[in-house]
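Look at the sequence and the structure shown here, and keep both in view while reading.

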Amino acid sequence: MGVGPGDPELITVAAQRAIRSAQVMAYPVADLGREGMAARIAAPWLQPEQQRLPLLFPMVEAAAPRRQAWHAAADAVAACVQQGQAVVFLCEGDSSTYASASYLLLALQQRHPHCPVRMLPGITAAAAAAAEASSQGMPWPLALQQERLLIQPTPDGPELLRPLLLNCRSSGQPLVLLKLGRRWLWVRPLLEELGLLESAIYGERVGWPQQRLCPAVQVPAAECPYFSLLLLRTSWPEVLP
Ligand SMILES: C[S@@+](CC[C@H](N)C(=O)[O-])C[C@H]1O[C@@H](n2cnc3c(N)ncnc32)[C@H](O)[C@@H]1O
């Protein structure tokens with residue numbers, strides 16, 4: 001199920017109800033022993049007597065350790081379910097959008113096809129950032145009318161991002177770049193070169209007490225946290241209020 005992003009209050013009634021009735025709280029962690037982001041967000045809703053089940057989702061490029069971890073996560077969840085326990089898997093943002101929950105879902109389907117699953121959606125970081133911008137006097141509809149919103153991870157180099165930005169500039173397609181992080185170092189100069197810096201909003205740790213949300217022009221080129229994104233809009237539909 002999706003929680004947050006960031007703000008514990010951004011949770012559906014269905015998700016709250018599912019948490020209340022579960023015996024096991026599972027959540028992804030990048031390293032065993034480290035607290036997971038989803039668990040931290042959901043903390044106000046968890047009960048001390050509920051069993052914690054941190055599941056390793058390593059942030060590595062290699063396929064084998066990731067597959068191994070997804071299989072192990074599915075096996076651990078299925079084992080709890082087989083013992084009659086209701087398990088909730090907490091996931092940051094929406095559970096179907098670039099989400100650890102999706103890998104768990106696919107691994108469960110493959111390895112434990114009879115394990116019952118209910119998927120509860122959440123709020124994407126893109127939607128949360130747009131809403132925050134709008135709340136701060138920077139009205140930011142993610143998509144209007146016939147626009148084709150593009151949400152994707154920031155490509156790995158300027159040569160890959162440049163054509164994407166040129167297309168957004170000429171077509172007016174609104175864009176959300178996730179996984180901005182350290183790439184901001186070279187993304188900012190590229191936006192500036194293409195005359196797009198003034199058309200973007202930078203969002204960092206949206207929904208957290210340390211949230212930073214501002215015009216991208218105010219953010220110097222530097223490495224940014226993993227939980228950062230960029231909203232880009234180069235034009236508006238003709239017919240507006
Ligand atoms: C693996 S994706 C998770 C997406 C998430 N499931 C969703 O629905 O948005 C991680 C990326 O989402 C973005 N993100 C997630 N939470 C965020 C937050 N609270 N503030 C800013 N960006 C966030 C960042 O770009 C981060 O690198």
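The largest nonpolar core has 22 residues. A nonpolar core is a set of buried Ala, Val, Leu, Ile, Met, Phe, Trp, Tyr and Cys residues joined through side-chain atoms within 4.5 Å, where buried means under 20% relative accessible area (1.4 Å probe, protein chains only). Leu 165, Trp 184, Leu 191, Leu 230 and Leu 232 have the most contacts inside this core. Two or more residues each come from helix 6, strand 7, helix 7 (184-193), strand 8 and strand 10. Helices (H or I, at least four residues) and strands (E, at least two) are DSSP runs, numbered from the N terminus. Apart from this core lies another, of 20 residues, including Met 1, Ile 19, Met 25 and Trp 208.

The model is predicted: local features need pLDDT of at least 70, side-chain atom pairs count only at pLDDT 80 or more, and totals for chains, interfaces and linings use all residues. Residues are numbered from 1 along each chain as its sequence is written, and side-chain values use heavy atoms, with hydrogens and water left out.

Which residues does Trp 184 contact, leaving aside its neighbours within four places in sequence? Contact means heavy atoms within 4.5 Å. The list includes Pro 189, Leu 191, Leu 197, Val 219, Cys 224 and Leu 230.

Strand 7 (residues 175-178) and strand 10 (residues 228-232) run antiparallel and are joined by three bridges; two strands count as paired if DSSP finds at least two bridges between them. In general, strands of a sheet pair through backbone hydrogen bonds, either parallel or antiparallel. Here five strands form an open sheet of mixed pairing, in the order 6-7-10-8-9. Strand 6 (150-153) and strand 9 (212-215) are the edge strands, each pairing on one side only.

Two helices lie across strands of this sheet. Helix 6 (residues 158-171) lies across strand 6, strand 7 and strand 10, at about 155° to strand 7. Angles run from 0 to 180 degrees between N-to-C directions, and axes are lines fitted to C-alpha atoms, for helices over the stretch in contact. Helix 5 (residues 125-135) runs at about 65° to strand 10.

The protein is divided into domain 1 (2-111) and domain 2 (125-232), with bounds from an automatic or database domain assignment. Their C-alpha centres lie 27 Å apart. The contact takes 10 residues from domain 1 and 11 residues from domain 2.

How values were computed
Buried means under 20% relative accessible area, exposed over 50%, partly exposed in between (1.4 Å probe, protein chains only).
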